[in-house]
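Biologist: I have a model open and want to learn how to read it. Can you take me through the fold and a pocket?

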Amino acid sequence: DRRQNNSVQYWTPNLGGFQAKFGYGANEEKPVKDITPPIVNPDPKMWSGSLAYDNGRLYAAFAYERHDDYLSPTLFGAGATGSEDRGWEIGAGYWIVPQFRIVAAFENLEYESEFAGGTQRLDRDAWMIGGLYKSGPWSLGINYVKAKDYDVNAAATAAGVLENGTGARFWTLRGGYSLSKRTELFAHYANLRNDANNNYAFGHSPLAGAANGTDPKGFGVGIKHSF
């Protein structure tokens, strides 16, 4: 999900519907010394990989990514001497009939930061289910996502990281109309409902500074053209 500044990747050929992808992100984001607020100089880098299968009707994939020293100040606060963030996700989509497809996914994220007083750890699970229906040039899709409460260790709890009330629910509705095989008009609506102790925002155009428990909503229209 990152727009990494500098990375090297290898994608295998498609072998009977299977394809693997590997990536490494160099430490281009290493900060200069003596920055404010002071942090122990991190050496950020990342590794990622995925394995996918696609036979036209069924798509399934597993992906894993690890970040070293991408500190998590919004979760644990400043002053960490190092960190390791890990995430994995498994998902699948299946065309039940040529007009209707269902999709589902499960994701686990884990954040660890090293402090003088010990390692603070946070774990979060989330799942998604959705569907897409097509009829002629028209299409209609809906997705529902549930992020569960955080699971934190004793060191993170002692530092004030909360568990209860940190989940969220998110659903989207999208309609499209194809003008041709390459051009589509679309409109979508997104509704995000945070629990009392979290402030998730949209991945694109987030609401900066939103308080815990806020419920952002969005609506958009556009045109998509494939060259």
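Modeller: We start with the ground rules, then go from the fold to the pocket. This is a predicted model, where local features need pLDDT of at least 70, side-chain atom pairs count only at pLDDT 80 or more, and totals for chains, interfaces and linings use all residues. Residues are numbered from 1 along each chain as its sequence is written, and side-chain values use heavy atoms, without hydrogens and water.

Biologist: How many helices and strands does the protein have?

Modeller: Elements are DSSP runs numbered from the N terminus: helices are H or I, at least four residues, and strands are E, at least two. Here there are two helices and twelve strands. Their order along the sequence is β-β-β-β-α-β-β-β-β-β-α-β-β-β. The C-alpha trace spans about 60 × 40 × 30 Å along its principal axes.

Biologist: What share of the residues is buried?

Modeller: Buried means under 20% relative accessible area, with a 1.4 Å probe and protein chains only. That covers 27% of the 227 residues.

Biologist: What is the volume of the second largest pocket?

Modeller: A pocket is an open set of points on a 1 Å grid where a 1.4 Å probe fits, with protein on both sides within 12 Å along at least five of seven lines; lining residues have an atom within 4 Å of a point. This one has a volume of about 240 Å³.

Biologist: Which residues lie nearest its centre?

Modeller: K134, S139, S178, E184 and K224, out of 15 lining residues. β7 (118-135), β8 (138-147), β10 (168-178) and β11 (183-194) each give two or more residues to that lining.

Notes:
Points joined across faces, edges and corners; volume = space filled by probe spheres on them. Buried < 20%, exposed > 50% of the residue type's maximum accessible area, 1.4 Å probe, protein only.
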